[in-house]
Structures are given as C-alpha cells and as structure tokens.
Amino acid sequence: MECQFDQRVPRRNTQCVKWDGVLDVFGQENLLPMWVADMDFRAPEAAVRAVTARAAHGIYGYEKKPESLTEAVLNWLAARHNWAVDPIWLSHCPGVVSGLVLSLLALTEPGDRVVIQPPVYPPFFTIVEQNGRTVVENPLVWKDGQYRMNLSELEDIFRSGVKTMMLCSPHNPVGRVWSRGELLSLGELLRKYGVTVFSDEIWADLAFPAHRHIPLASLSPEIADQTLTFMAPSKTFNLAGLYMSNAIISNEELRSTFSAQLQRLSLGHVGIFGPVAAEASYREGGEWLDRLLTYLEDNVRFVTDELAKITPKIRVIQPEGTFVLWLDCRDLGIPWDDLNQFFVRQAGLAFNDGARFGPTGAGFQRMNIGCPRVLIQEAMERLSKTLRHL
Ligand SMILES: Cc1ncc(COP(=O)(O)O)c(C=O)c1O
C-alpha cells in the first residue's frame, strides 16, 4: 500500500542543493542525487500549514522569538528524550554547524587541539582547521560487528592535555546511536580530564525504534556541566533550509560565553519561518516522525536485500538511526581514489565519497536514503547494471 513517503515530489528548479547542485558538485547531470543530508519528503503538514499561514500575512519585519517555541522544544525534549531542560538553558542559532563554530570561537584559542572521531561529518574537520585550531583524530574502531569509540586512545589524548571534543551523537556517517554504557564511559573520561564537549545531536530524533538516543548532558548534572548540546528540527522534519537550531547549555559560565559570541557575531536571529515551522512540527509532528522512521528502516532493509542479490562486494553497515547509509565498497576492487567517480560516471549515482569523512572512510560511500523507495529501486537497478559490466 502506498504511503505518504512513497510520493515523489519534484525538487528540480527549486534551488535545492541536492538536485539543482548536482552539476556543480559532480560535474554531470542526470545523476540520482543521494548525497547531501536532506530528504525528498514534504515536511509535516502542520509545518507547511503554519508557514503558509504566516507567509500569507505579507509583512516580514523583524521577529521576536515566541515564548511558545520554547515550550514546544522543552515538551519535545521531555517526551522524546526524557530530558528535563530549563528554559534558560535554551538559545537558538541558525544551524548546528554555526553552533559548533560559535563554540569553538568562544571556548577555544587559536592553536588549541580539538578531538573528533572519524569517519565523521566533514565539517568537523574543516571548521576546526578553518578557525586555526588543530584536529586530533580519535578514529572509531570496528569491533564485534560494530563501530565503537576507542576510549583507551581517547584517554591518552585527554591525558596529553586536549581539553575540547566534538561529539557526533548519533554518529554520521556510521549510523551508531551511542548506548548509555558507551556515553557513561565517555562521560567519565570527560569528567576525569575536565574536557568540554560540543555535542552535535542533530540526528537525535532519528534513532530507529529499537534504539534510544540519550542526550549526553542528560546523563548527570556533572556531565551536563561540561557539555554544550546542539539539536535541531532540521533533519527531523526536513526543515534544513529554514535555519533554526537549538543550543542547550546548563552551565551558566559556558552559556554566557557562548551567548556573548552569538551576540558579537550577531547570529542570534533565526528568521520568521524557522521558528514557525519548528513549533508546529514539535507540537504536531510526532506521528509523522514515527511513520518516517518506519519508512527509513524499510529503506535500509530494501537496500540491504537488494545489494545482497547484486553483489557480496558491497557491505551495508547496519545503521541504528539517521537516513544515511555507510557502504563498505573496499572489496569492489576499484582503487579507492576512483570509487566515487565510478559511482558517478558508471552508475549515474551521486553518493558522498567516504574519503571526505576522514582517512578511515576511504573505500566507503555514503548513500542518502531519505527519499521515496522508487528512487532507491532505481539506484539499485543502475548499480546492478553497472556491476554486471565490471
Ligand atoms: C552531524 C551533523 N551535524 C550538522 C549537520 C548540519 O547542520 P546545520 O545544517 O544545522 O548546520 C549535519 C548535516 O548533515 C550533520 O550530519
């Protein structure tokens, strides 16, 4: 039976980077775009209605943050993540990446070392480097059929004096939803060495039903004391172009330092439509999200089954959440430097090259499955045809 997520909504000529940016980024048209992390689904109807109603007013002057938005965000965090957040902890910035950059500028000095866990979302490297800080890699390790944190190496890094970490939780691209045990062990190290963590939890709402996202700062007041958390409705409800994200900081000193930076750069305003769409989604989008998660899990299953029929040489790293799939293509026998171009030129598929997620991502591709199944089916057909001629 068809469901709302099966519906194809044409996106070409809407100035969307995923479809309209393909030629610029991949140098070729007519690719199936399964790269940048937004979805080809309409946002929840409640969001579309709220934005449409606000747009119809016709006056788009300077905005003030509605009190009701704070209430909607806090209710959502309590209901979905069992996290009681005080309204004064919450502020807003345009994107989660802006929040991370603001944190770096506010709380670190040029030359400071910042630990990240590759393979990881590429801006984790670039924002550190572009702002004159130094990346320290603590690569994830593959153990017992899963990516895990290398906590003993992390402890060595902390022992060497690194005081800042950027955490990706859940983790893009490998799809891990860190367990309570893993986060507690991490929290212990953060406490022991007095490390401040910028916790990017943009994927928090996209943990599959069998897995529960636990906000790092919800583990204990002591861990919260060293944590700046960034979340957003952007991935959850497909609102990335509206640029409104949530920063949650319980430690008063960290919060005021962050806020001062936000003001210094005049980045505290998030426009009219972001808050309108976010509030409507947080209030009324819960069921939509539950249906989405079921659909995404079915997409994962579909790709896994289809690839198993096509070739044993591409392995799907089973995600516990997100709408990106991490594909291990190292057995394909294609030089890793040529792998992405193979997918682009031979198969007509615009995936993200794993190498961009750090050295340990070489030989992998990241596929965005946030789209109607019919597109995924087409991707699998293109791949099958191409591999037959390999
Ligand atoms: C881990 C992670 N953080 C941040 C972002 C982007 O955040 P924003 O668009 O709010 O800056 C993404 C997008 O894919 C992501 O995967």
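Twelve names make up the shell of the ligand: Ala37, Gly95, Val96, Val97, Tyr121, Cys168, Asn172, Asp200, Ile202, Trp203, Lys235 and Ser245, where a residue is near if one of its heavy atoms lies within 4 Å. This is a predicted model, in which local features need pLDDT of at least 70, side-chain atom pairs count only at pLDDT 80 or more, and totals for chains, interfaces and linings use all residues. Residues are numbered from 1 along each chain as its sequence is written, and side-chain values use heavy atoms, leaving out hydrogens and water.

**Ligand shell**
- The shell holds seven nonpolar, three polar and two charged residues, with Trp, Tyr and Cys among those counted as nonpolar and Gly as polar.

**Polar contacts (N or O pairs within 3.5 Å)**
- Valine 96 places a polar backbone atom 2.7 Å from a ligand oxygen.
- Asparagine 172 has a polar side-chain atom 2.7 Å from an oxygen of the ligand.
- In tryptophan 203, a side-chain N or O atom is 2.9 Å from a ligand oxygen.

**Cover**
- Of the 400 Å² of accessible area that the ligand has on its own, the protein covers 89% (Shrake-Rupley method, 1.4 Å probe).

**Domains**
- Domain 1 spans 4-44 + 286-388, and domain 2 spans 48-284; such bounds come from an automatic or database domain assignment.
- The centres of the two domains, taken over C-alpha atoms, are 25 Å apart.
- Domain 1 gives 34 residues to the contact and domain 2 gives 35, contact meaning heavy atoms within 4.5 Å.

Technical notes
Polar contact = N/O pair within 3.5 Å; in protein donor to acceptor, adjacent residues only side chain to side chain.
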